[in-house]
Every structure is written in C-alpha cells, then in structure tokens.
Amino acid sequence: MPWGRDGAGLCWVRDPPALVVAVPPPWASPGATITCLPLSALGCLEYQKQAVAAGGVLQLLPGRPQLEWVKVQWKTQLDVGCWQRILTAEKNSVASPPKGNFSGRAAFQQETLSLRISPVSTADSGIYMAEFEDASGLITALCFQVSVWEPIGQLLLEARILHWEQGWCNLSLLCTVPSTGSVSYSWSCSGDALGALGHQPRLHLQLRGDANSTVCCCNASNAVSWDTASTDAGAACRAVAPGL
C-alpha cells in the first residue's frame, strides 16, 4: 500500500528483502527505505486534477463508464500518511457509512458512481482513489488529485505617494488579499501612466502632475476564485500636489 506522497508521486515502504509491504509504518523494520513512485504505478486508468473552494462541495465523478462493477471502494491519502477508506458500496445496495473525519460529510451517489463531500476544508487536499471491482474480481482504479483552496476574499488596494519630481508624481499601489496560498496578480491602468504593469502585488507608477483621471485596477486570483479593486491614482497625486 502507498505510504506517502512527494508532489504528484506516491511513496511506498519497502522492507528487505525487496518486498513491498503494507502500512501502518510502525511495524516496518528499522532498515526500511521509502521509494517514491508516480501515480501510474498504482495502475490508475484515469487521473484527474480537481480544485475546489474551502467550504464548498467536492464532487468526484469517474470519467470512464464502469458498467460491470459490483463493488466500489473510495479511499484517500491526505498529505503524507496511510490510505484511509472513506466508504464501500455494492451495486443495488446501500453504501456503508463513511468513516473517520468524512463521517456526515461524504456520500456515494449510485446514479453517477461519484463521491460527494461537503463541506470541504484545506485539510481534505490529497489523492483520492475509486477502486471498482467486477464479478471476476478484476479491479479498475481511478485517481483524483484534489486541491482545496481558500477563496481570495475582498481585495485592499492602497495608494502611497513616494515623491514629486519636476512635475511628475511617483507613487506605488499595493494590492493585498486576506487569503493565504498561491495568488496571481495582474494590473491595468487607463491614461498615460508610466510603469511596468507586471504580475506582482505592488505597482510603481509615474504620472504627470496635470494628468487627467488615471484609474488603475488590480486583479487577484487563485485556482477557485478572483476579485478586483480599483483606485484613481491621478486623484491621489493631485491631493498632495505641491502648492495645494
């Protein structure tokens, strides 16, 4: 059985002499080594990536028809740890109640053979597997790599005047979000502002002192959400222009 994960790979505990053993790790000998293998080593016929917002609904839907199945077992591996069974279902029977931290949150949908988990949290990120068994005992494994993200939340856009020089206003705009994790930024500005519109949370600009309204917009996004905020940079400069 897999024991851990490194990126998109899975780690196995191997005891001498070269025998792949099951976990939990406490009974692995002191000489055991850990070997990381790609997901294809599990024999998954299907591998999907899925992102979902924290607090939302995770729906894992097999893409391959499983017409001859008689039993299915859904299980997961969260972070680096053992496989955990979520539930087992048999054709034309009521699925066994989910176990552990999935109790009351997970349900098997017989019509689509899918697994539904609600609500989800960032702790539910990991590898999920559906093992479909037919009447002959042949097992078909389908895998899902799930990432649960916190929504972006409301943006805060702050303008800071750095200095005036020969009729030019030098300022910076800072775009911040309350959420953690990987966030992508993009900027757009109207008018003739000088500055590189990069992909960082901070933007440096130069505006002519007599420039008209220059509205700058920040867009922040992650895998499941996005938000925008805008400000009139020209108005911020005029408010502190020399002589006013």
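A contact here means heavy atoms within 4.5 Å. Among contacts in this protein chain between residues at least 6 apart in sequence, 54% join residues at least 24 apart.

Some ground rules before the details. This is a predicted model, in which local features need pLDDT of at least 70, side-chain atom pairs count only at pLDDT 80 or more, and totals for chains, interfaces and linings use all residues. Residues are numbered from 1 along each chain as its sequence is written, and side-chain values use heavy atoms, with hydrogens and water left out.

Now the overall picture. The protein chain has 1 helix and 18 strands. Helices (H or I, at least four residues) and strands (E, at least two) are DSSP runs, numbered from the N terminus. Of the 244 residues in the chain, 37% are buried. Buried means under 20% relative accessible area, exposed means over 50%, and partly exposed is in between, with a 1.4 Å probe and protein chains only. The chain exposes about 12900 Å², and carbon and sulfur atoms supply 54% of that area. Accessible areas come from the Shrake-Rupley method with a 1.4 Å probe; for residues, only the protein chains shown count as cover.

Next, the charged pairs. Side chains of opposite charge can pair when their charged atoms come close. How many salt bridges does the structure hold? There are 3 salt bridges, each defined as a side-chain nitrogen of Lys or Arg within 4 Å of a carboxyl oxygen of Asp or Glu.

Take K71 and E133, whose side chains meet in a salt bridge at 3.9 Å, N to O. K71 lies in strand β7 (residues 69–78) and E133 in strand β11 (residues 126–134), so this pair ties together parts that are 62 residues apart in sequence. K71 counts as partly exposed, at 32% relative accessibility. E133 also counts as partly exposed, at 24%.

K75 and E131 form another salt bridge, with the closest N and O atoms 3.2 Å apart. This pair links distant parts of the chain too: K75 is in strand β7 and E131 in strand β11, 56 residues apart. Is K75 buried or exposed? K75 counts as buried, at 7% relative accessibility.

The remaining pair is R105 with D124, where the closest N and O atoms are 2.9 Å apart. Here the partners sit in loops: R105 between β8 (84–90) and β9 (106–109), D124 between β10 (114–117) and β11, 19 residues apart. R105 counts as buried at 17% relative accessibility, and D124 counts as buried at 1%.

Back to strand β7, which also holds T76. T76 is buried, with a relative accessible area of 1%. What does the side chain of T76 reach? The answer is the backbone oxygen of I127, at 2.9 Å. That is a polar contact, meaning a pair of N or O atoms within 3.5 Å; within protein, one must be able to donate a hydrogen and the other to accept it, and residues adjacent in sequence count only if both atoms are side-chain atoms. Not counting residues up to four places away in sequence, T76 touches C82, W83, Q84, I86, F102, I127 and Y128.

One more residue: A141, in strand β12 (residues 139–149). A141 is buried, with a relative accessible area of 7%. A141 and W74 are 67 residues apart in sequence, and 9.8 Å apart in space, C-alpha to C-alpha.

Last, strand pairing. Strands of a sheet pair through backbone hydrogen bonds, either parallel or antiparallel. Two strands pair if DSSP finds at least two bridges between them. Strand β13 (residues 156–165) and strand β14 (residues 168–176) run antiparallel and are joined by 9 bridges. E158 stands opposite L174 in β14, and E165 stands opposite W168. The two strands form a hairpin with 2 residues between them, and Q166 in the turn has a positive phi of about 50°.

Which strands form the open sheet here, and in what order? The order is β13-β14-β16, with antiparallel pairing. β13 and β16 (202–208) stand at the edges with a single partner strand each, so one side of each is left without a neighbour in the sheet. Neighbouring strands of this sheet are turned by 25° against each other on average, direction ignored; axes are lines fitted to C-alpha atoms, for helices over the stretch in contact, and angles run from 0 to 180 degrees between N-to-C directions.

A separate pairing joins strand β17 (residues 215–221) and strand β18 (residues 226–232), antiparallel, over 7 bridges. C217 has S230 in β18 as its bridge partner. The hairpin from β17 to β18 passes through 4 residues.
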